[in-house]
Amino acid sequence: MADPIPNSIRQVVILGKTQDGKTFRPSDWAERLCGVMSPFRPKGGRGIQSHIGYSPYVRPSFQDGVKCVIVDTRLRDIEPMALQFVLSFAADNNLQTISSAQPPAPAEPV
């Protein structure tokens with residue numbers, strides 16, 4: 001399987017808006033997607049309560065008031081199929097995406 005995005009892309013933001021501008025439902029889609037991806041973490045990053053948090057590579061956020069998921073493409077270093085899964089989720093659901101060569105900002109503490 002070919003790599004879904006070039007190595008120069010450091011992050012992909014999946015917006016909770018379809019290509020035709022409709023709000024994506026269900027309203028907790030981002031949390032569900034990030035929950036599924038929570039096991040994918042850097043080596044050595046498994047602390048005592050790591051099972052109750054999101055992966056630093058796939059985390060929910062908001063952009064301009066729109067729910068989104070920020071995907072750090074270093075996820076491909078852990079599991080290329082995991083990166084393909086989240087990108088396919090966006091494509092299959094006709095969601096808007098924004099790719100950037102800028103690295104993702106560090107996750108804010110919850």
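Before I begin, a word on the labels: helices, marked H or I and at least four residues in length, and strands, marked E and at least two, are runs assigned by DSSP, and they are numbered from the N terminus. With that in hand, please keep in mind throughout that what we have here is a predicted model.

Let me start with the loop between E1 and H1, where Pro26 has its place. The peptide bond that leads from Arg25 into Pro26 is cis, and its omega is near 10 degrees.

From there I move to the sheet. In general, the strands of a sheet pair through backbone hydrogen bonds, and they do so either parallel or antiparallel. In this model four strands make an open sheet, in the order E2-E3-E1-E4, and the pairing is antiparallel. The edges are formed by strand E2, residues 58-63, and strand E4, residues 95-100, each of which pairs on one side only. From one strand to the next, the twist averages 30 degrees.

Looking at the pairings in turn, E2 and E3 run antiparallel and are joined by six bridges, with Gln63 standing opposite Val66 of E3. Strand E1, which spans residues 11-18, also runs antiparallel to E3, and five bridges join the two; here Gln11 has Asp72 in E3 as its bridge partner.

Val66 deserves a moment of its own. Val66 belongs to strand E3, residues 66-72, and its relative accessibility is 19%, so Val66 counts as buried, the cut-off being under 20%. Once its neighbours within four places in sequence are set aside, Val66 is in contact with Leu15, Gly16, Lys17 and Ser61. Of these, Leu15 is 51 residues away from Val66 in sequence, yet the C-alpha atoms of the two are 6.8 Å apart in space.

Which residues take a positive phi without being glycine? Asp64 is one of them, with phi near 50 degrees, and Asn94 is another, with phi near 60 degrees. Asp64 sits in the hairpin of E2 and E3, which has two residues between the strands, and with a relative accessible area of 76% Asp64 is exposed. Asn94, for its part, is in the loop between H3 and E4, and at 40% relative accessibility Asn94 counts as partly exposed.

Finally, the helices. H1 lies across E1, E2, E3 and E4, and it runs at about 20 degrees to E3. As a general point, two packed helices are described by the angle between their axes and the distance between the axes. For helix H1, residues 29-36, and helix H3, residues 80-92, the axes come within 11 Å and cross at roughly 160 degrees. How, then, are H1 and H3 oriented to each other, roughly parallel or roughly antiparallel? Angles over 145 degrees count as roughly antiparallel, and H1 and H3 are therefore roughly antiparallel to each other. The crossing in which H1 passes H3 is right-handed.

As for what meets at that crossing, H1 brings Trp29, Leu33 and Val36, and these meet Phe85, Val86 and Phe89 of H3. Sorted by class, this contact of H1 with H3 comprises six nonpolar residues, no polar ones and no charged ones.

Definitions and conventions
Residues numbered from 1 in each chain as written. Predicted model: local features only at pLDDT ≥ 70, side-chain atom pairs only at ≥ 80, totals over all residues. Heavy atoms only, no water. Axes fitted to C-alpha atoms, helices over the stretch in contact; angles between N-to-C directions. Parallel < 35°, antiparallel > 145°, perpendicular 65-115°, else oblique. Left-handed = near helix turned anticlockwise from the far one by under 90°. Contact = heavy atoms within 4.5 Å. Nonpolar A, V, L, I, M, F, W, Y, C, P; charged D, E, K, R; others polar. Buried < 20%, exposed > 50% of the residue type's maximum accessible area, 1.4 Å probe, protein only. Pairing = 2+ DSSP bridges.
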